[in-house]
Amino acid sequence: VQLQASGEGLVPAGGSLTLSCAPSTTLYGFKSMGWYRQPPGKQRDLVALFTFGSSSINYADSVKGRFTFSRDDDENTFALHMNSLKPEDTGVYYCYAVQRGPGLATTSFWGQGTEVTVSS
């Protein structure tokens, strides 16, 4: 399974940007999917994660109210819509998915990373 991320860019503080991720397999094969980010010199942390079983979306506290996860079943993609961007949102963003099976096993996949820079 490959995850192809797109939408990187340089935006001013307060601006908006949308990242998109296109998996090479159907979204319905995933148990969960979402986005992580890694600021310069820091660890990779969760930004938003959608879980199919509960249809719930878990957001990092720092992005609640500003970022929105969405999925497009027709296009077989999922996205991260980022508004009111802050310089601290700068980092490399990774799309992520967990595939079910076989049996109770799961396999995690990462996109290649897309860079977001927010200027002050």
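## Met82 and its surroundings

Apart from neighbours within four places in sequence, Met82 is in contact with Gly15, Ser16, Leu17, Leu19, Arg66, Phe67, Tyr93 and Val116. The model in which these contacts occur is a predicted one.

## Overall architecture

The protein contains 11 strands and 0 helices, so that the pattern read along the sequence is β-β-β-β-β-β-β-β-β-β-β. Its radius of gyration is 14 Å, close to the 14 Å given by the globule rule for 120 residues, and the protein is therefore as compact as a globular protein of that length. Taken along the principal axes, the box filled by the C-alpha atoms is roughly 50 × 25 × 25 Å.

Of the 120 residues, 42% count as buried. When contacts between residues at least 6 apart in sequence are considered, 55% of them join residues at least 24 apart.

## The four-stranded open sheet

An open sheet of 4 strands is arranged in the order β1-β3-β8-β7, and its pairing is antiparallel. Strands β1 (3–6) and β7 (67–72) form the edges, each pairing on one side only. From one strand to the next, the twist averages 15°.

Within this sheet, β3 (residues 17–23) and β8 (residues 77–82) pair in the antiparallel sense over 5 bridges. Strand β8 also pairs with β7 in the antiparallel sense, here over 6 bridges. The bridge partner of Asp72 in β8 is Thr77. Strands β7 and β8 form a hairpin with 4 residues between them, and Asn76 in the turn has a positive phi of about 55°. Of the 6 residues of β8, 5 are buried, so this strand is largely enclosed by the rest of the structure.

## Strand β11 and its partners

Strand β11 pairs with β2 (residues 9–12) in the parallel sense over 4 bridges, and Gly9 stands opposite Val116 in β11. The pairing of β11 with β9 is antiparallel and runs over 3 bridges; there, Tyr93 stands opposite Thr114. Both Tyr93 and Val116 are among the contacts of Met82.

In a regular strand the side chains alternate between the two faces of the sheet.

## The disulfide

The number of disulfides comes to 1. The bond joins Cys21 to Cys95, with an S to S distance of 2.2 Å. Because Cys21 lies in strand β3 and Cys95 in strand β9, the pair ties together parts that are 74 residues apart in sequence.

The torsion about the S-S bond of Cys21 and Cys95 is about 60°, so the disulfide is right-handed. Cys21 is buried, with a relative accessible area of 0%, and Cys95 likewise counts as buried at 0% relative accessibility.

## Backbone features in the loops

Which peptide bond is cis, with omega near 0°? The bond in question runs from Gly101 to Pro102, and Pro102 lies in the loop between β9 and β10 (106–110).

Positive phi values also occur in residues other than glycine. Ser55, in the loop between β5 and β6 (56–59), has a positive phi of about 55°. The relative accessible area of Ser55 is 52%, which is over the 50% limit, so Ser55 counts as exposed. Ser84, found in the loop between β8 and β9, has a positive phi near 50°. At 41% relative accessibility, Ser84 falls between the 20% and 50% limits and therefore counts as partly exposed.

How values were computed: Residues are numbered from 1 along each chain as its sequence is written. This is a predicted model: local features need pLDDT of at least 70, side-chain atom pairs count only at pLDDT 80 or more; totals for chains, interfaces and linings use all residues. Side-chain values use heavy atoms; hydrogens and water are left out. Two strands pair if DSSP finds at least two bridges between them. Helices (H or I, at least four residues) and strands (E, at least two) are DSSP runs, numbered from the N terminus. Axes are lines fitted to C-alpha atoms, for helices over the stretch in contact, and angles run from 0 to 180 degrees between N-to-C directions. Contact means heavy atoms within 4.5 Å. A disulfide is a pair of cysteine sulfur atoms within 2.5 Å. Buried means under 20% relative accessible area, exposed over 50%, partly exposed in between (1.4 Å probe, protein chains only). The radius of gyration is taken over C-alpha atoms; the globule rule is 2.2 Å times the number of residues to the power 0.38.
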